[in-house]
Amino acid sequence: MPYDFQPSWLNEELTTYKNTVERFLDTEMVPYDEESRQRGHVGHDIWRRAGQLGILCTDIPIEYGGGGGDFRHEAILYEAMGHRGLTGMSPSVHSIVAHYFLNHGTEEQKQHYLPKLAQGELVGAIAMSEPDAGSDLRGIRTKATSNGKHFTLNGSKTFITNGYLAELVLVFAKMDTPEDNGKFSVFIIETKKHQGYSVGNRLKKIGLKAQDTSELFFDNINLSNREILGETPGRGLYQLMADLPYERLLIADMAMGAMEGAYQLTVEYVRNRTVFGEPLINKQNTRFVLANMVATLKVARAFVDDCINKILTGSLDTETASAAKLWLAQQQNLLIDDCVQLHGGYGFMDEYLIGRMFSDARVQRIYGGTDEIMKEIISRKL
Ligand SMILES: Cc1cc2nc3c(=O)[nH]c(=O)nc-3n(C[C@H](O)[C@H](O)[C@H](O)COP(=O)(O)OP(=O)(O)OC[C@H]3O[C@@H](n4cnc5c(N)ncnc54)[C@H](O)[C@@H]3O)c2cc1C
């Protein structure tokens, strides 16, 4: 029996759901991936379709229109996308937006936005980073002033995932008001409702070519108190910190899926590639490199599954989630580099999935908090 690295938590119900997800990806995403890469985004239709199939916001309670599942349902989607090297759509960022509403929104905000996110009617994005502030979010310049009746938002954001297609953006801004001066709030922006909202360039990247990563601009956008997450200004930093373990585990899990996919692709390739009159897999170096990958995948699976079990019981702490994000993203890059090497020149070709997986992997060590920020967090408890 070949190695398969199945999650330890996969049961019958989850396997049925996994089959639905895989069918969707294989029939409705994989065939159009090259088209999306050329265009620089996946388009709205695929979001609506994923919503119809119940693939979005699977861990949001049913009463808010979600799937009523848990992190394992989310993980099935990210891992299946990772196996296939599908990075155009970012359901993980979409889920993060949903969790901000679930954990910090008022009842009215939850009732209003969560069903729309789950249906894929509104594509979600989260806008924190700015040209001069990424790791150090306290340095953001996007600010909200107040005239006592409403807030006015001005500023810009960059590197925003789903930014071009987004219809619902959570914007992290600094308050410039007498009551909350210098504090932060998360503003809810329905993009089509505000004239002062605009999307800049879809950024040209060295990977994630089908993923729309954009600049966003806010020019005198008037917002009411109801358009602040939780309707309490000044709570933004707390809201941001509260969801970090969830966000970091998502990225670690995406790394898990990508590593498994890259390993499988490579095993298949070296079985079929002939060198010096025999299959490449017969060379001791090839088998040893693959054996190392098996060891990495087994350790990675045990670590990710442990984190998933912890998040299910509410016991995943920020340090452990940061360690998972740090290590899995690093391993993803190392392992896929070895996969490229075993593919020889073909590994460097854009038309080969392994080459694309290599370019896509790099950013995993940057977004969602860089390696260095993860190390800062982990080392706080030394
Ligand atoms: C494809 C992509 C998608 C993204 N999606 C989103 C999104 O949806 N929403 C969003 O808000 N942002 C998003 N980002 C932004 C991302 O989160 C930031 O790029 C990241 O947090 C790093 O910030 P920065 O680019 O400003 O780098 P900087 O913060 O300037 O960091 C530069 C270097 O300095 C290091 N550094 C910084 N602080 C320290 C420190 N204290 N000690 C040691 N070293 C340090 C960093 O680790 C890094 O190596 C995305 C980025 C990319 C590339």
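**Ligand shell and helix packing**

Modeller: The ligand is surrounded by 20 residues, and the closest are Met 128, Gly 134, Ser 135, Thr 370 and Glu 372. A residue is taken as near a molecule if its C-beta atom, placed from the backbone, lies within 6 Å of it.

Biologist: Which elements give two or more residues to that shell?

Modeller: Strand 1 (124–127), strand 3 (151–161) and helix 12 (371–379) do. Helices (H or I, at least four residues) and strands (E, at least two) are DSSP runs, numbered from the N terminus.

Biologist: Before I go on, what am I looking at?

Modeller: This is a predicted model, where local features need pLDDT of at least 70 and side-chain atom pairs count only at pLDDT 80 or more, while totals for chains, interfaces and linings use all residues. Residues are numbered from 1 along each chain as its sequence is written.

Biologist: Fine. How does the shell around the ligand split by class?

Modeller: It has 11 nonpolar, six polar and three charged residues. Ala, Val, Leu, Ile, Met, Phe, Trp, Tyr, Cys and Pro count as nonpolar, Asp, Glu, Lys and Arg as charged, and the others, Gly among them, as polar.

Biologist: And which domains does the shell draw at least three residues from?

Modeller: Domain 2 (124–237) and domain 3 (243–379), each giving at least three. The assignment also has domain 1 (12–118); the bounds come from an automatic or database domain assignment.

Biologist: How far apart are the C-alpha centres of domain 2 and domain 3?

Modeller: They lie 32 Å apart. The contact between these two takes four residues from domain 2 and six residues from domain 3, where contact means C-beta atoms, placed from the backbone, within 7 Å. On the domain 2 side there are two nonpolar, two polar and no charged residues.

Biologist: Now the helices. How do helix 8 and helix 9 cross?

Modeller: The axes of helix 8 (residues 244–272) and helix 9 (residues 284–312) come within 10 Å and cross at roughly 155 degrees. Helix 8 is therefore roughly antiparallel to helix 9; angles under 35 degrees count as roughly parallel, over 145 as roughly antiparallel, 65 to 115 as roughly perpendicular and the rest as oblique. Axes are lines fitted to C-alpha atoms, for helices over the stretch in contact, and angles run from 0 to 180 degrees between N-to-C directions.

Biologist: Which residues of helix 8 and helix 9 meet?

Modeller: Among them are Leu 249, Met 256 and Tyr 263 in helix 8, and Leu 290, Leu 297 and Val 304 in helix 9. By class, the contact of helix 8 with helix 9 has 16 nonpolar, one polar and three charged residues.

Biologist: What about helix 4 and helix 8?

Modeller: The axes of helix 4 (residues 71–84) and helix 8 come within 7 Å and cross at roughly 40 degrees, which makes helix 4 oblique to helix 8.
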